[in-house]
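Subject: Structure handover

Hello,

Here is the structure for you to look over. My notes follow it.

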Amino acid sequence: MKIKSKIITVFSLSLFLNFMACKGDKKLVKNDQNESTEKRYLGKPVTKDFDSKIDELIAEMTLEEKTGLLHGNSMFATAAVERLGIPELKMADGPLGVREELEKESWTPLGLDDDYATYYPAGAGLSATWNPELAYTFGNSVGKETRARGKDVLLSPAINIIRTPLGGRTYEYFTEDPFLNKKLAVPFVVGIQDNNVAACVKHFAANNQETHRDYVNVKIAERPLREIYLPAFEATVKEAHAYSMMGAYNKFRGEYLCENDYMLNQILRDEWGFEGVVISDWAAVHTTVNSLKSGLDIEMGTPKDFDEFFLAQPLIDAAKAGEISEEEINKHVKRVLRVMYSVKSMGSDDRKKGSISTEAHFKDAYNIAAESVVLLKNENDLLPLKASRIKTLAVIGDNAKKKNALGGFGAGVKTKREVTPLEGLQNRLPKSVNIQFAQGYEERYSKTEKAKLGDVTLSGPVTIDELDPALVEEAVNAAKNADAAIIFAGSNRDYETEASDRASLDLPFGQKELIEKVLEANPNTIVVMIAGAPYDIDEISQKSSALVWSWFNGSEGGNALANVLLGDVNPSGKLPWTMPKKLEDSPAHATNSFPGDETVSYDEGILVGYRWFDTKNIAPLYPFGYGLSYTDFNFSDVETNTKTYTQNDTISIRLNVENTGELAGKEVVQVYVSKIESAVERADKELKAFKKVEVSAGKKASVNIQLPVKELAYYDVSSKDWVVEPGIYNLKLGNSSRNILEELEITIQ
Ligand code: BGC
């Protein structure tokens with residue numbers, strides 16, 4: 001009502017009549033939409049006068065009002081134009097859930113008591129589900145929370161490719177694989193935007209390290225750029241119609257990404273048809289006229305006088321000096337207003353209201369967490385734990401109690417619920433089980449020491465890795481005197497954090513030594529890693545019988561984990577990246593091309609992640625796509641609908657997935673494709689389709705998978721186009737990139 005009355009007082013008469021005609025008469029609206037099926041904006045039909053209304057509004061705005069829409073006027077919002085009924089564009093982080101409210105002019109939280117939100121599993125957890133439906137669930141759930149907090153834009157999802165296992169934001173990003181990335185990113189964005197909220201897909205693009213992120217110039221050849229780093233961004237534009245993109249901090253081929261004509265104008269807008277707004281990362285803008293002309297729309301930033309932002313007073317000055325035309329400025333203002341109308345922050349009174357921190361949302365977080373846990377090893381029948389056979393259970397490790405909703409540098413979530421692993425076990429286990437907790441190791445950082453020269457990053461937190469003998473003794477005794485022990489190890493969000501990459505794959509805080517001692521004290525020890533990125537766990541893996549991987553897994557992470565450990569949930573998570581045996585095996589490190597200095601050149605080219613390991617025949621510790629279950633699956637009778645295809649066909653693959661064990665479970669059928677004889681360099685295999693299926697114990701499910709032939713294309717640098725090479729392709733079906741169970745040959749004409 002408030003906005004409506006404002007609009008009435010300020011709109012010119014014709015504008016107002018137009019507006020009410022569309023809104024008031026339902027029949028008219030319907031007819032109008034039917035007639036205007038031709039006119040679409042961001043994938044949705046819009047009224048015929050959609051653009052003219054906006055143009056008329058822009059005609060009424062002063063230069064100052066216009067620039068107010070193009071830069072932050074507080075930490076997370078642009079300026080409103082009250083006299084014209086234009087609201088602020090309100091934004092919030094982020095990937096883990098809606099961030100708490102901050103002061104308008106600083107990063108300091110306001111300390112409100114009504115800005116609690118659901119903490120959702122971090123990106124790596126979601127991608128480990130390999131379940132696009134859960135990606136939609138996540139997006140839709142967090143989209144509702146965004147609305148409930150009155151925001152217009154959620155700064156999520158974060159989908160940069162994981163190039164190095166050391167990346168500080170690995171936990172936040174999805175995967176090393178472009179296909180898995182896009183299959184999750186698209187439903188995620190659709191889910192958010194189904195709530196009258198704009199997703200802001202970040203960080204566009206080629207932003208794959210934290211080290212030197214403010215200035216490093218990333219060099220990627222055209223083919224890897226197109227085949228590895230861009231596909232998920234492209235899909236969120238073309239398939240999910242993302243309303244906004246966040247320009248990244250670093251440079252790409254010599255230009256900052258917020259003023260990169262090639263990326264923002266030529267690729268994003270001209271090639272992909274992006275119609276939304278490009279929002280800068282916070283303080284990622286370096287120029288006024290060049291940024292706008294190169295495709296940026298909104299400059300956001302860190303605290304300083306908001307009038308000093310490049311797109312604030314300097315833009316007004318530039319316009320007055322004739323360095324940029326008002327027409328050019330109008331173009332950007334129009335983009336912003338189009339998004340505002342589309343998310344209904346203007347021109348509508350039936351905007352979705354959303355809901356926040358509800359039981360339904362905690363359940364969404366639970367469902368994602370439950371499917372994300374990866375069973376890496378399970379010998380001697382240690383798992384699932386049989387509560388009836390346990391009188392005393394030792395629960396060891398700081399991570400049993402550690403919370404990760406907040407922590408480190410960057411966005412977290414203030415939540416009323418974060419069930420820790422220990423609480424999850426307490427909730428799940430019968431009272432008859434005596435739980436003995438021992439902390440084992442402490443999370444400690446050096447206050448004085450900086451990461452040493454020679455380490456790959458110079459800014460990350462430096463851990464103290466010495467164990468306290470008293471804590472070790474307590475842990476070892478607890479393990480000795482228990483029927484079984486679980487050690488919760490790994491890392492946390494203080495250590496894995498935005499703004500720095502890790503210096504090595506070593507487990508921090510002396511955990512390796514502790515785990516080895518506990519394993520010696522009680523062989524019935526289950527090792528549970530809680531982390532968002534790969535670690536060196538080779539020896540631990542060899543020494544332990546049961547190894548489980550969990551993530552920074554949201555409000556219900558502890559309950560989900562306990563249910564996996566106790567067998568109520570059969571694990572079905574699969575690694576979204578390769579766990580190397582050692583850092584040097586990973587492509588960016590094997591090619592000695594991380595982290596660079598002024599420049600970083602991605603010398604591994606298209607061979608990112610498992611593409612490198614498989615092509616170069618390097619055994620990883622655990623491969624991409626790997627994850628066990630408490631049951632066993634068999635693939636059989638694989639067939640395709642035909643053997644020969646043309647370029648526009650879809651390959652229809654059918655197979656049986658049999659659950660040969662005694663528990664219902666879910667398996668991910670992964671379809672990798674190889675093209676051995678090729679005119680261009682090829683990876684040994686590439687993921688081109690997958691499907692997660694649930695199969696009851698002892699049953700067989702018939703599974704259909706569709707693979708459009710166009711997915712087999714490579715990017716041809718000379719013709720600047722995607723090319724499907726004719727010839728023979730091998731389809732390799734497996735349950736990890738290294739466990740291929742069935743193979744088929746097809747021919748493309
Ligand atoms: C991060 C973004 C985030 C922004 C606002 C930046 O430091 O890179 O991902 O959305 O801050 O908090």
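**Loops and backbone**

Gly94 sits in the loop that runs between strand S5 (91–93) and helix H6 (123–129). Helices here are DSSP runs of H or I with at least four residues, strands are E runs of at least two, and both are numbered from the N terminus. This is a predicted model: local features need pLDDT of at least 70, side-chain atom pairs count only at pLDDT 80 or more, and totals for chains, interfaces and linings use all residues. Residues are numbered from 1 along each chain as its sequence is written, and side-chain values use heavy atoms, with hydrogens and water left out.

Gly94 is joined to Asp93 by a cis peptide bond, with omega about 0°. Another cis peptide bond links Ser156 and Pro157, with omega about 5°. Pro157 lies in the loop between strand S6 (153–155) and H8. Ala283 has a positive phi, near 70°, and is not a glycine. Its place is the loop between strand S12 (277–280) and helix H12 (289–293).

**Ligand**

There are 14 residues around the ligand. Here, near means that a heavy atom of the residue lies within 4 Å of the molecule. Asp93, Arg169, His203, Asp281 and Glu498 come nearest.

Which side chains place an N or O atom 2.7 Å from an oxygen atom of the ligand? His203 does. Asp281 does too, through a polar side-chain atom. For Arg99, the distance from a side-chain N or O atom to a ligand oxygen is 3.2 Å. The cut-off for a polar contact is a pair of N or O atoms within 3.5 Å; within protein, one must be able to donate a hydrogen and the other to accept it, and residues adjacent in sequence count only if both atoms are side-chain atoms.

**Helix packing**

Start with H7 (residues 132–148) and H8 (residues 178–193). They pack at about 30°, with axes 7 Å apart. Axes are lines fitted to C-alpha atoms, for helices over the stretch in contact; angles run from 0 to 180 degrees between N-to-C directions. H7 is therefore roughly parallel to H8. The classes are: under 35 degrees roughly parallel, over 145 roughly antiparallel, 65 to 115 roughly perpendicular, the rest oblique. Residues in contact have heavy atoms within 4.5 Å. On the H7 side they include Tyr136, Phe138 and Val142; on the H8 side, Leu184, Phe188 and Ile192 are among them. The H7–H8 contact holds 10 nonpolar, four polar and one charged residues. Ala, Val, Leu, Ile, Met, Phe, Trp, Tyr, Cys and Pro count as nonpolar, Asp, Glu, Lys and Arg as charged, and the others, Gly among them, as polar.

H7 also packs on helix H15 (residues 359–372), at about 150° and with axes 10 Å apart. That angle makes H7 roughly antiparallel to H15. Their crossing is left-handed. H7 contributes Leu134, Thr137, Phe138, Ser141, Lys144 and Glu145, while H15 contributes His361, Asp364, Asn367, Ile368 and Glu371. By class, the H7–H15 contact has three nonpolar, four polar and four charged residues.

The last pair is H17 (residues 469–480) and H18 (residues 511–521). They meet at about 30°, with axes 8 Å apart. H17 and H18 are thus roughly parallel. They cross in a right-handed way. Val472, Ala475, Val476, Ala479 and Lys480 of H17 touch Leu514, Lys517, Val518 and Ala521 of H18. Seven of the contact residues are nonpolar, none polar and two charged.

Best wishes

Terms used:
A crossing is left-handed if the near helix is turned anticlockwise from the far one by less than a right angle, and right-handed if clockwise.
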